[in-house]
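Hi,

Here is the structure I promised to pass on. Have a look through it first, and my notes on what turned up follow below.

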Amino acid sequence: MNEVFNKYILKLRSPKILIALGLVGMLLIFLSSLGKDDKQEQTEMQTGITTEEYRRQLESDICEMVSNITGNKRVTVVITLENGIKYSYADTKEKTASDKTSEQTQTSDSELKEGYIIVKNSEGGEEALLITEQMPQVRGVAIVCDGGDNQILNEKILNTVTAALNITSKRVYICGRKSE
């Protein structure tokens, strides 16, 4: 058994085999880096949403819910938002104080230095450390749909929208679509 092992060791010391193994290793490293870039781009795309995209996604979700309630695909939803997305970054605060005393006067100075914690990103650049990302609050919702004038259907839609968006009923307006 030991002889078989020694034969393989001697064959592996051949320059041709060492070069081939080196090339295979570099190829594997290259292929693994390609997979990581795709995954990083996907996570950046998932977290990098704009206010407009957020509003459109909410409108689409509400439109689908109302469509399921009414049984009709002709639904128009408009959502207004309070403001944009709010970001909170990790920061540092450093306070320095100094006291000076002379024979007749005493003075004290204090200084507050504020800054953000900076981290390196995958591309080698620097960026502030993001702690939270707060989506904008919904200001109001307007829904136009077939059957929106029906009191029972209106109540179902109102309850669904207020629960889904966590807003009061005063912020939701529902009306029926004009027949063509």
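Strand 9 (residues 172-176) is mostly covered, with four of its five residues buried. Keep in mind that this is a predicted model. Its partner is strand 8 (residues 138-145): the two run parallel and are joined by five bridges. Within that pairing, Ile-143 stands opposite Ile-174 of strand 9.

Now for the charged side chains. The count of salt bridges comes to seven. Two of them involve residues around strand 9:

- Arg-171 and Glu-82 meet at 3.4 Å, N to O. Arg-171 sits in the loop between helix 4 and strand 9, and Glu-82 in the loop between strand 1 (75-81) and strand 2 (86-89), so the pair ties together parts that are 89 residues apart in sequence. Arg-171 is partly exposed at 33% relative accessible area, and Glu-82 is partly exposed at 34%.
- Asp-146 and Arg-177 meet at 3.9 Å, N to O. Asp-146 is in the loop between strand 8 and helix 4 while Arg-177 is in the segment after strand 9, so this pair links parts 31 residues apart in sequence. Asp-146 is partly exposed at 22%, as is Arg-177 at 25%.

Over in helix 3 (residues 51-70), Arg-55 and Glu-59 are four residues apart, which means about one helical turn separates them. Their side chains form a salt bridge at 2.5 Å, N to O. Glu-59 is buried, with a relative accessible area of 14%. Both residues belong to a salt-bridge network that also takes in Glu-52 and Arg-56.

Cheers

Technical notes: Residues are numbered from 1 along each chain as its sequence is written. This is a predicted model: local features need pLDDT of at least 70, side-chain atom pairs count only at pLDDT 80 or more; totals for chains, interfaces and linings use all residues. Side-chain values use heavy atoms; hydrogens and water are left out. Buried means under 20% relative accessible area, exposed over 50%, partly exposed in between (1.4 Å probe, protein chains only). Two strands pair if DSSP finds at least two bridges between them. A salt bridge is a side-chain nitrogen of Lys or Arg within 4 Å of a carboxyl oxygen of Asp or Glu.
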